[in-house]
Amino acid sequence: MGRFKDLLEQQEYIILHGALGTELEFRGHDVSGKLWSAKYLLSNPQLIKDIHKDYIRAGADVITTSTYQATFEGLAETGLSSQEAEELIRLTVILAKEARDEVWGELSDEEKEGRYYPLISGDVGPYAAYLADGSEYSGNYGGITLDELKDFHRQRIHLLLDEGVDLLALETIPNYLEAQALSQLLREEFPDVEVYISFTSQDGKVISDGTPIDKIAELINKTPQILAVGLNCSAPVIYDDFLKELRKKTNKAFVTYPNSGEVYDGNTQSWQDTADTSRTLLDDTIRWHQLGAKVVGGCCRTRPEDIKTLAEFLK
């Protein structure tokens, strides 16, 4: 640990790995069902590795493991034992490391000198990803408790860290109770980990479950393991307002990786409306950088070409 902090201090921009599930869709693979992209860890992990490699070639500084939807509960529902689920979660880190090493070996010495050796982030997706009902965008978790949420996340975090990730990506968090659970876990059980956390918002004024930004900032500010905070998989148009308000409450670096502006329908597991073409990811990212964004990229429905554009123009 320590490399993520170093990177934040050394670089104006840290470029993130892009979308995985929707990239599989673009390549003709079915990601329907509760496991979404994680089902290819079972049937064809090479597909996951190939996408990792494409994002590294595009210029990503951080490679995110394919554990967003890979949870013990979700894998158990497919018939996997606890031991098999553990092996699969460990595999996600192995695939990311292999992809990094293989692409790094392709680069010339000159190309290597112009880049930072990519970090591996352990993807800690929300409880909503297990529910697979689109609640990433509502934060509606029913009657689950704080301790149940801590239990849901604990073992996966342990495995990711044990397998050697450089940091954790707590992403697409729509629910304040879940943010509390994750914050408590970090402070009580993972004191040395480095983390960024990103929320979802539908209006730029509150996170998806209605929790105001100042309450989120208060939680983040008392969790030293969290080095950067922001939004992901939310429509680009709402980021400016959210970041401006968040900056009034925290001095931490910001994370921004929006979706395309399309809207996800949890009932049909499909993307509705059309992408927001009135703005480019590059232009948005440059503007958000002026508000404090340093960890940047694209989420659902963005592609390796988008990450390549960011890397070429921002570095």
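Where is the place of Cys233? Cys233 sits in the loop between strand 6 and helix 12; helices (H or I, at least four residues) and strands (E, at least two) are DSSP runs, numbered from the N terminus. The model is predicted, so local features need pLDDT of at least 70 and side-chain atom pairs count only at pLDDT 80 or more, while totals for chains, interfaces and linings use all residues. Residues are numbered from 1 along each chain as its sequence is written, and side-chain values use heavy atoms, with hydrogens and water left out.

Cys233 is buried, at a relative accessible area of 3%. Buried here means under 20% relative accessible area, exposed over 50%, and partly exposed in between (1.4 Å probe, protein chains only). UniProt, in an unreviewed entry, places the feature "binding site" at Cys233, Cys299 and Cys300. These three positions are spread over 68 residues of sequence, yet they cluster in space, with a largest C-alpha distance of 6.2 Å. UniProt positions follow the numbering used here, feature names are shortened, and annotations may be inferred rather than shown by experiment. Cys300 lies in the loop between strand 10 (293-296) and helix 14 (304-314). Cys300 is also buried. Its relative accessible area is 8%.

Strand 5 (residues 195-199) has 5 of its 5 residues buried, so this strand is largely enclosed by the rest of the structure. Val195, Ile197 and Phe199 point one way from strand 5. Tyr196 and Ser198 point the other way. Strand 4 (residues 167-173) runs parallel to strand 5, joined by 4 bridges; two strands pair if DSSP finds at least two bridges between them. Leu168 stands opposite Val195 in strand 5. From strand 4 the chain passes through helix 10 (residues 176-189) to strand 5, in a right-handed β-α-β crossover. Right-handed means that, with the strands pointing away from the viewer, the path from the first strand over the helix to the second runs clockwise.

Strand 5 also pairs with strand 6 in the parallel sense, over 5 bridges. Tyr196 stands opposite Ala228 in strand 6. Strand 5, helix 11 and strand 6 form a right-handed β-α-β unit.

Helix 12 (residues 239-247) has Tyr239, Asp240, Phe242, Leu243 and Leu246 as its buried residues. They cover an arc of only 165 degrees around the axis, which puts them on the same side of helix 12; the arc is that of the directions from the helix axis to the C-beta atoms. The cover over these residues includes helix 11 (213-221), strand 6 (226-232), strand 7 (253-257) and helix 13 (281-291), where contact means heavy atoms within 4.5 Å.
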